[in-house]
Amino acid sequence: MIARTNAYHGSTIAGVSLGGMKPMHKQGGPWLPGIEHIMQPYRFGEGLGEDPLAFAERAANALEERILQIGPEKVAAFIGEPVQGAGGVIIPPEGYWPRVEATCRKYGILLICDEVICGFGRLGRWFGFQHYGVKPDLVSMAKGLSSGYLPISAVGVASHIVETLREPGGMFVHGYTYSGHPTAAAVALKNIEIIERERLVERTADDTGPYFARALAGLARHPLIGEARSLGLLGAAEIVSRKGTNERFGGAEGKAGPIVRDLCIKNGLMVRAVRDTLVMSPPLVISHDEIDRLVAVLRRSLDEAEPVLRNIQAPAP
Ligand SMILES: Cc1ncc(COP(=O)(O)O)c(C=O)c1O
């Protein structure tokens, strides 16, 4: 299996092994063998100043290079979140996903999209892969399926895989105590009905998503923000020590983020810091006024944090 640096696919042994979170890998093990990680399409962090198309090509080519290194016959699948969420809302540049898909098809490798964050409307389409115009063979889903009201998850499996599993006959001996739980399924169905009725996916695409993007573009003018980006209602703001660069306060990642996050929480906004990236995944029912408030609190918290951040010392060499 091939996955990516900074990917997040869960906290089980398989999930952590597929995920590319170094701090998680350091905390345990042994992890599953046979999993390789390639670069993430994180332009702000790893390709600042590079032409977006050239960066997309470089990041997508990493997949083909690794397949050829390992030997295509030994690679079963590539897994990726359409937009990496927990890794810092990493929105791949145009051209990345179609190239990844083409590479998978070229070598007969399954394409798995982890839609746990992107799925059910967050990017302004029901699924993230639809936004990028690719067709996965397997799709994992959870959060948005019930809007988080009850725990439920699912895997979408292409019929050619189902047929392969059926061919030998007999049973596919996998199951869970709560598989197909009727209460959770009823809640998920009702949730999807409400998303459809209230046209929340369309609203994210045509109204709140673009409004959120404009609000974040305003925030990007703040002296501490190196980049603010969003797709639908998934957004991020990068805290930097010097405008126009991706340099971090104290000369290392992860010092500024928690300081700004704590001020945001004190000022009434629940936000998450992934290293020095503030990541946001507001509810799909968010209003324009609430988006304005969200950005106003971010701005105020950054202003309050600035004198503290300017005093962070660089680590001793
Ligand atoms: C993309 C992605 N995949 C998988 C998971 C793991 O889901 P769970 O926490 O339900 O195991 C998450 C959780 O945040 C996620 O964001």
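Ala56, Glu57, Ala59, Ala60, Asn61, Leu63, Glu64, Ile67 and Leu68 of helix 4 meet Tyr96, Arg99, Val100, Thr103, Cys104, Lys106 and Tyr107 of helix 5, where contact means heavy atoms within 4.5 Å. This is a predicted model, in which local features need pLDDT of at least 70, side-chain atom pairs count only at pLDDT 80 or more, and totals for chains, interfaces and linings use all residues. Residues are numbered from 1 along each chain as its sequence is written, and side-chain values use heavy atoms, with hydrogens and water left out.

**Helix 4 with helix 5**

- The axes of helix 4 (residues 52–70) and helix 5 (residues 96–107) come within 8 Å and cross at roughly 20°; axes are lines fitted to C-alpha atoms, for helices over the stretch in contact, and angles run from 0 to 180 degrees between N-to-C directions.
- That makes helix 4 roughly parallel to helix 5 (angles under 35 degrees count as roughly parallel, over 145 as roughly antiparallel, 65 to 115 as roughly perpendicular and the rest as oblique).
- Helix 4 passes helix 5 in a right-handed crossing, meaning that the near helix is turned clockwise from the far one by less than a right angle.
- The residues of this contact divide into 10 nonpolar, 2 polar and 4 charged; Ala, Val, Leu, Ile, Met, Phe, Trp, Tyr, Cys and Pro count as nonpolar, Asp, Glu, Lys and Arg as charged, and the others, Gly among them, as polar.
- Helices (H or I, at least four residues) and strands (E, at least two) are DSSP runs, numbered from the N terminus.

**Helix 11 and its partners**

- Helix 9 (residues 200–219) packs with helix 11 (residues 288–310) at an angle of about 20°, their axes 10 Å apart.
- Helix 9 and helix 11 are therefore roughly parallel to each other, and helix 9 passes helix 11 in a right-handed crossing.
- Among the residues making this contact are Tyr211, Phe212 and Leu216 of helix 9 and Ile291, Val295 and Leu298 of helix 11.
- The contact of helix 9 with helix 11 has 10 nonpolar, 3 polar and 3 charged residues.
- Helix 10 (residues 256–266) packs with helix 11 at an angle of about 130°, with axes 9 Å apart, which makes helix 10 oblique to helix 11.
- Helix 10 also passes helix 11 in a right-handed crossing, and the contact includes Ile259, Val260 and Leu263 of helix 10 and Leu298, Leu302 and Ala305 of helix 11.
- Here the residues divide into 11 nonpolar, 1 polar and 2 charged.

**Around the ligand**

- A polar side-chain atom of Asp114 lies 2.6 Å from a nitrogen atom of the ligand.
- A backbone N or O atom of Tyr8 lies 3.4 Å from a ligand nitrogen atom.
- In the side chain of Lys143, an N or O atom is 2.7 Å from an oxygen atom of the ligand.

**Backbone details to look at**

- The peptide bond from Gly29 to Pro30 is cis, with omega near 0°; Pro30 sits in the loop between helix 2 (22–26) and strand 2 (36–38).
- Ser147 has a positive phi of about 50° although it is not a glycine, and Ser147 belongs to the loop between strand 5 (138–141) and strand 6 (154–157).

How values were computed. Polar contact = N/O pair within 3.5 Å; in protein donor to acceptor, adjacent residues only side chain to side chain.
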